[in-house]
Amino acid sequence: MCGIAGYVGRRRAIEVVFDQLKRLEYRGYDSAGIAFVQENEIQVVKRAGKLSALTSVFGSDSPEVQMAIGHSRWATHGEPNDTNAHPHFDQHEQVAIIHNGIIENYQELKDSLVAEGHRFLSDTDTEVAAHLIGRAYTEGVPLEDAVRKTLARLRGAYALVVVSKREPGKIVVARNASPLVLGVGEGESFLASDIPALLPYTREVIALKDGHMAVLEENQVRIWDFDGTPTPLEIMHIDWDIEAAQKGGYEHFMLKEIHEQPEVVRQCLAGRLDEKNALRLDQVFNETVWNEVERVTLVACGTSYHAGLIGKYLFEQLLRLPTDVFYSSEFRYGDPVLSPRTLAVMISQSGETADTLAALKLCKERRIRTLGIVNVIGSSIARDCDRVLITQAGPEISVASTKAYTAQVLSLMLLVLHVAQVREMPGVHVGDVVRALQQFDGLLARTIETEPEIIKVAEEMQNAPLVFFLGRGIDAAVALEGALKMKEIAYLPTQECPAGEMKHGPLALIEKGVWAVVGSSDAKMRPKLVSNVREIQARGGRVVMIAPESDQTLDSVADVLIKTPSTPYEYLNALLTVPVLQLLAYHTARLRGEEIDQPRNLAKSVTVE
Ligand code: M6R
């Protein structure tokens with residue numbers, strides 16, 4: 001989820017590109033860089049840290065050039081530092097490229113280039129693409145042909161932007177599953193990873209399609225598919241204001257981030273599956289360690305803690321590994337029982353949560369192995385854990401966490417499946433689950449299409465005095481997250497517990513006007529769950545149920561039934577109920593007129609204990 005910017009025309013290109021990058025700052029970044037051609041050489045300047053660290057290199061007097069490309073990085077391969085920042089050169093500094101996404105087969109490409117004598121400066125996957133393009137860019141070949149030839153060798157998701165010293169008035173771009181938009185002006189052309197960076201300059205925008213590449217020059221934009229067939233320009237006129245554009249046209253970042261989840265699934269899986277559907281989590285521990293681990297301790301706060309509860313379910317059900325989940329704020333003071341065969345897993349979106357950092361410190365003092373499941377690469381938790389699995393959800397801006405939760409749960413699934421593969425767990429058919437995961441983005445997108453039904457429920461629920469969130473088994477864990485979302489942004493009182501616990505006390509709170517939201521992902525729990533639902537309805541409560549569409553038994557049970565796509569795995573079905581809960585909280589809050597992206601009393605990153 002990096003920021004990408006580019007300009008060719010008669011303005012001062014460096015200033016335009018800096019302004020564009022500034023408008024993409026809301027995407028988050030850890031380093032930035034720019035490339036332009038001056039005196040027949042490509043100049044690349046890049047700096048770790050904030051964009052201002054880069055712009056201050058030029059002060060108010062940037063070179064007067066008419067073409068430049070820029071990048072603000074959200075690291076996926078390699079630490080955020082000057083060297084790993086983009087743009088990257090090829091071997092002979094003939095071309096410079098910037099890239100958003102992940103080149104999955106970069107290691108094998110790098111190995112073969114190293115064998116040919118190529119020297120690499122960075123740890124990035126991007127530099128490999130730069131070297132390949134540079135190698136193809138031989139005498140007389142136009143830059144676009146060298147790029148096209150290289151694309152045939154790249155696997156993964158990418159938006160690529162390439163410039164060369166031989167053709168300084170030209171920018172070549174290519175897109176495969178990473179966003180890239182082009183702006184068409186009078187005698188000038190623009191590119192960016194996101195529309196807000198274009199709007200101060202032009203409102204005539206082309207959304208480059210997957211599998212397409214383009215050449216941008218001062219007076220024209222040309223587009224082809226990767227096979228070289230020319231494609232007509234489909235120019236849209238954008239009349240959003242800039243703030244709306246940052247939210248991708250959605251009313252709030254939270255809604256945008258909920259809708260981004262299918263893309264997050266793709267990103268989270270990218271580079272982690274091989275062609276035989278086996279998992280490749282090279283960054284986690286080796287086989288010896290996994291065979292030694294006897295107990296897993298998951299530590300986190302808030303939504304990340306809820307992801308940890310699903311982690312416990314998976315570690316125990318699939319691996320039969322005893323697993324505890326602790327609130328970070330309790331862990332340190334609870335004198336936890338830890339042995340050298342314990343693996344502590346710290347889960348955090350921000351990687352900066354003070355309670356989780358304190359828990360990590362305790363684990364380190366006790367010399368326990370630690371693994372971070374973190375969204376922000378380069379954050380304190382990502383740096384301090386022995387190993388880290390980056391969730392690859394991209395920057396999350398809304399205080400209420402949505403897409404980060406989905407990425408955390410998916411990362412935990414990948415981890416557990418990886419260990420199942422290493423330990424050769426009987427009965428866990430990793431290849432089959434991986435095949436289901438490869439379809440999962442589409443299923444999540446279909447779940448999100450139930451939004452109109454969810455809005456109707458929110459309309460009825462918006463003034464409820466109390467909303468219960470219930471489930472059994474894995475659905476009981478998901479229910480906690482649904483309730484947290486409702487509290488955080490709609491400020492509705494909620495009560496959440498396993499459905500079977502209702503009769504032991506909470507049932508006393510049921511009366512007319514009270515609602516219950518009940519997940520039913522797991523067929524084997526359903527008969528008992530139905531009895532729990534009947535007990536609520538008998539006391540005047542209204543029940544909305546969320547269940548896979550393959551189930552027919554709940555049609556006559558629920559007051560409202562929202563059907564999600566079905567998979568053979570209850571843990572995937574449960575994750576499919578999550579967008580329904582997120583959208584229910586979102587629309588309830590919206591109807592109640594609450595501030596959504598910055599709810600009262602809460603902060604995105606909680607850096608105090
Ligand atoms: O950055 P972290 O994942 O460590 O943050 C943990 C919690 O503060 C966070 O999940 C919080 O509960 C969110 N507001 C939930 O939406």
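Start at Ser 304: an N or O atom of its side chain sits 2.6 Å from an oxygen atom of the ligand. That is a polar contact, meaning a pair of N or O atoms within 3.5 Å. Taken alone, the ligand exposes 410 Å², and the protein buries 90% of this area. Accessible areas come from the Shrake-Rupley method with a 1.4 Å probe.

The model is predicted: local features need pLDDT of at least 70, side-chain atom pairs count only at pLDDT 80 or more, and totals for chains, interfaces and linings use all residues. Residues are numbered from 1 along each chain as its sequence is written, and side-chain values use heavy atoms, leaving out hydrogens and water.

Next, select Ser 348. A polar atom of its side chain lies 2.6 Å from a ligand oxygen atom. Then pick Glu 488. Here a side-chain N or O atom is 2.6 Å from a nitrogen atom of the ligand.

Now show the whole shell. It has 14 residues around the ligand, each with a heavy atom within 4 Å of it. Gln 349 and Thr 353 are among the closest. The shell divides into 4 nonpolar, 8 polar (Gly counts here) and 2 charged residues (Asp, Glu, Lys or Arg).

Colour α10 (302-319) and α18 (474-490); each supplies at least two shell residues. Helices are DSSP runs (H or I) of at least four residues. The largest share, 3 residues, comes from α10.

Colour by domain. Domain 2 (250-438) and domain 3 (448-609) both give residues to the shell, so the ligand lies between them. The bounds come from an automatic or database assignment.

How values were computed: A polar contact is a pair of N or O atoms within 3.5 Å; within protein, one must be able to donate a hydrogen and the other to accept it, and residues adjacent in sequence count only if both atoms are side-chain atoms.
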